[in-house]
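Here's a quick briefing to read with the model open beside you. Have a look at the fold first, then work through the points below.

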Amino acid sequence: RLFQEPSEDKKWDFCHLAYLYGKRADQVNKLMSEGYTMAPVGFGEQRDYSIAHSKYGLCLHQNPVPALSPQRMTLFACSKLPIVIEECDPFPYSVIKLQNFHRQNMDTLAQINFETFTQAHTFQRCVEKALK
């Protein structure tokens, strides 16, 4: 097993797993001033614990370019964590945009992402498709 199963004991609202600087730091600070909590950032066991005990994965852009962070988003998807993202084209992920986020239940989106990246859209299948 690569990741911890999601915990019923949610300690934080968001897990961002990102370097906080500039625009992203401002957005995280704004969310925290509104009462949202952020999981600690770390590697290995700390990362897995933060993901398992957070309600949502948070993906914010470091700069004004609306680009995805596929490694972070795939990690959240494979960990069954619903994804909240800034405005951009999130394909192939099922997400909720930060602008529309109001602590709503996104378990269905988390399940869709999990199935997409562990069954339908695996690395192996993508490579095989590209080779055809």
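Ile85 stands opposite Lys97 in β4. Before going further, note that this is a predicted model, where local features need pLDDT of at least 70, side-chain atom pairs count only at pLDDT 80 or more, and totals for chains, interfaces and linings use all residues. Residues are numbered from 1 along each chain as its sequence is written, and side-chain values use heavy atoms, with hydrogens and water left out.

**The sheet**

- Four strands make an open sheet in the order β1-β2-β3-β4, with parallel pairing; strands pair if DSSP finds at least two bridges between them.
- At the edges sit β1 and β4 (96-97), each pairing on one side only.
- β3 (residues 83-85) and β4 pair in the parallel sense, over two bridges.
- Helices (H or I, at least four residues) and strands (E, at least two) are DSSP runs, numbered from the N terminus.

**Lys97**

- Lys97 has its place in β4, and with a relative accessible area of 18% it counts as buried, because buried means under 20%, exposed over 50% and partly exposed in between (1.4 Å probe, protein chains only).
- Its side chain makes a polar contact of 3.3 Å with the side chain of Glu87; such a contact is a pair of N or O atoms within 3.5 Å, where within protein one must be able to donate a hydrogen and the other to accept it, and residues adjacent in sequence count only if both atoms are side-chain atoms.
- The Lys97 side chain also reaches the backbone oxygen of Cys88, at 3.2 Å.
- Leaving aside neighbours within four places in sequence, Lys97 is in contact (heavy atoms within 4.5 Å) with Val84, Ile85, Glu86, Glu87, Cys88 and Pro90.

**Helices on the sheet**

- α3 lies across β1, β2 and β3 and runs at about 160° to β2; axes are lines fitted to C-alpha atoms, for helices over the stretch in contact, and angles run from 0 to 180 degrees between N-to-C directions.
- In α2 (residues 45-52), Asp48, Ser50, Ile51 and Ala52 are buried, and their cover includes β1 (12-15), β2 (54-59) and α3 (70-78).

**The cores**

- The largest nonpolar core has 18 residues, of which Cys15, Ile51, Met73, Phe76 and Ile83 touch the most other members; a nonpolar core is a set of buried Ala, Val, Leu, Ile, Met, Phe, Trp, Tyr and Cys residues joined through side-chain atoms within 4.5 Å.
- β1, α3 and β3 each supply at least two residues of this core, and α3 gives the most, with five.
- Apart from this core lies another of twelve residues, including Leu31, Tyr36, Leu58 and Val84.
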